[in-house]
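Hi,

Here is the structure I promised to pass on to you. Have a look at it first, and then read my notes below.

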Amino acid sequence: MKQYWVLFFIAGVIASGCKKEKEDIIPAPTTKYGEVSFKMKYTVDAAPLYFDSLMYKNAAGNKYSVTKIHYYLSHFMLYTKGELKYSSKDIFYLDAQSSLFSEVSLKNIPVMEYDSVSFTIGLDTDQNVSNSLPASNENIVMIWPDMMGGGYHFLKLEGHWNSANGVEGYAMHIGRNGYCMNIGIKHIINLQEYKPLNLSMTMNVNEWFANPNMYDLANDGVYSMGNAVMMKKLSENGTNVFSIQ
Amino acid sequence: MCIIAIGVLLESCEKEPTLPTTDSTGIAQDLTPYNIILPTHFPPLAIPEDNEPYVERIDLGRMLYYDPILSNDGRACASCHFQQYGFTIPGMISNTPVLSHVNMAWYNNFMWDGSKTGGLEDVMLFETQVFFGTDLEKINNSEKYKALFKQCYGTEYITHRDIAYALAQFTRTMISRDTKFDRYMKGAEQLSYSEEMGRRLFFSEKGDCFHCHPILITTDNMMHNTGLDSVYTKESDKGYYNVTKDPKDLGKFRTPNLRNVALRKFFMHDGRFTTLEEVIDFYDHGVKRVANIDPILTKAGKQDGLNLTDLEKKQLVAFLNTLTDEAFITDTNFSKPTY
């Protein structure tokens, strides 16, 4: 019997609520949302990137190959006429050799025409905190040891090159706060509802060694992790490695 | 409208909730779900939908792990995977150290040469179907296993796949999570001075071990050439090349898991080193700079190796000893069942 008193009480609440419902009609939202995906591609200047092929030459004349490109992109922002219209805190892990980690997908973006995009190679200071990313195999392998500053690798670019002593390796690792790379690209991104937009984003590997700093593996070093000078040079070059098609 | 709502409420209060009775295999209703507790900061587990963990399936898998019925020559998994050594053996099989069975739930490739890819169900299918060549007639003539597989998987005729799934259930639970280093990471224990210095070597550009042996999971699941050989006299020395036939994969091997590494007697794919000191000496000054050596091993200033002092080598060994998990090697849940 007691249970039925509870139910009558509930019914009373429902009844009083029904009357209120008629008076407070919430209009349907008018903002429309779309999405855009960037398929990541990799070139060395005009040539497609083939891994483990010792056939590419950078601006300094180093002949080199690429064996690994792992990195994070984050903090995508979209602008219209210089005004920020959309911002995302999502972090994307990319692996140039894995189809599982080959795309950046941004969803729930207000539908309109954007004319430029900015993003970060790496993680912002507030995100570059040890164990802040989900503990996936990929994120664990990207950890930057606490005793070296903590957080995560922003980039691992590795390969081999023809040195004076023969074929040797290089490992361009960038991490630590202050070395993330903020990139801005002008490109029309015209979003429509129910029509996902697919674009390509291309990394030109040679730009890591060229612009604005010519990077010579023979003179500038082949292992950047923990070396502030090398990481600074590479991170400055990193602002020019991407283009959108 | 409100009266109808009341009626619905009254009606629903008098009915027992409807529980799911079966899983995708149609069997789950009589089985006890098992919750695999993840160690802190470990990745989530990828468990196939058709092999969700249940106590009874895990027990079945453990029974099989220790049962020579798997083979035709008296061997079981446990014949080469001794718990007290971290589920390897203090010897070699066909001149090859046996890789430890530890934390395989997070692997996506198996064997020294990375020849088996996928998850535990995949590699266990290889083990029962190819490695052991389990005689299905023999196991199907076992009333015990017939009943257990019927209960656990609803199968009337036990197949290699069924055996693989049961073995995967058990091996997925073989998780090491309580080394001294794990406790240190949780703030529950301090490292000694030597161990701490070794930790710093391990996780710094001085030792650089962490790039292939990342924290806690201790293997990146990738294939690397670490400069063991410049001439591949034995087929087995070619490693991953034997799988891909790509010259760039010559001499590449799977990064081994370092949990319980101090319990092992042989190291590298052919057991050429028999102590941790020898392994460290190799990385210190024995690496051969072949064309496809992993780039991490060719840092400037280290053309002649890591240049560790004798003290630093001892400290690195001290740290590696903190990766021994006494709880794991004595946990009776992983031991030979008494039933």
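Before the notes, one term: helices (H or I, at least four residues) and strands (E, at least two) are DSSP runs, numbered from the N terminus. Also, this is a predicted model, so to speak of local features we need pLDDT of at least 70, and side-chain atom pairs count only at pLDDT 80 or more, while totals for chains, interfaces and linings use all residues. Residues are numbered from 1 along each chain as its sequence is written, chains are lettered from A and ligands numbered from 1 in the order in which they are written, and side-chain values use heavy atoms, with hydrogens and water left out.

The peptide bond that joins N211(A) to P212(A) is cis, with omega about 10 degrees. In chain B, look at K245(B), in the loop between α9 (241–244) and β6 (253–254). K245(B) isn't a glycine, yet its phi is positive, near 60 degrees. For background, most residues other than glycine have a negative phi, and most peptide bonds are trans.

Where the chains touch

D52(A) and K248(B) form the salt bridge, and their closest N and O atoms are 3.9 Å apart. (Ala, Val, Leu, Ile, Met, Phe, Trp, Tyr, Cys and Pro count as nonpolar, Asp, Glu, Lys and Arg as charged, and the others, Gly among them, as polar.)

On a 1 Å grid over the protein atoms alone, a cavity is a set of points where a 1.4 Å probe fits but cannot get out; a pocket is an open set with protein on both sides within 12 Å along at least five of seven lines; lining residues have an atom within 4 Å of a point. Points are joined across faces, edges and corners, and a volume is the space filled by probe spheres set on them.

The second largest pocket holds about 1,100 Å³. Among its 39 lining residues, H70(A), D95(A), Q97(A), M222(B) and M223(B) lie nearest its centre. α2(A) gives the most to this lining, with three residues.

How many cavities of 30 Å³ or more are there? The count is two. The largest cavity has a volume of about 50 Å³, and its lining includes N137(A), F42(B) and W106(B). That lining has four nonpolar, five polar and no charged residues. The second largest cavity has about 30 Å³, and F181(B), F202(B) and H213(B) are among the residues lining it. Its lining divides into eight nonpolar, two polar and no charged residues.

Happy browsing!

Methods. A salt bridge is a side-chain nitrogen of Lys or Arg within 4 Å of a carboxyl oxygen of Asp or Glu.
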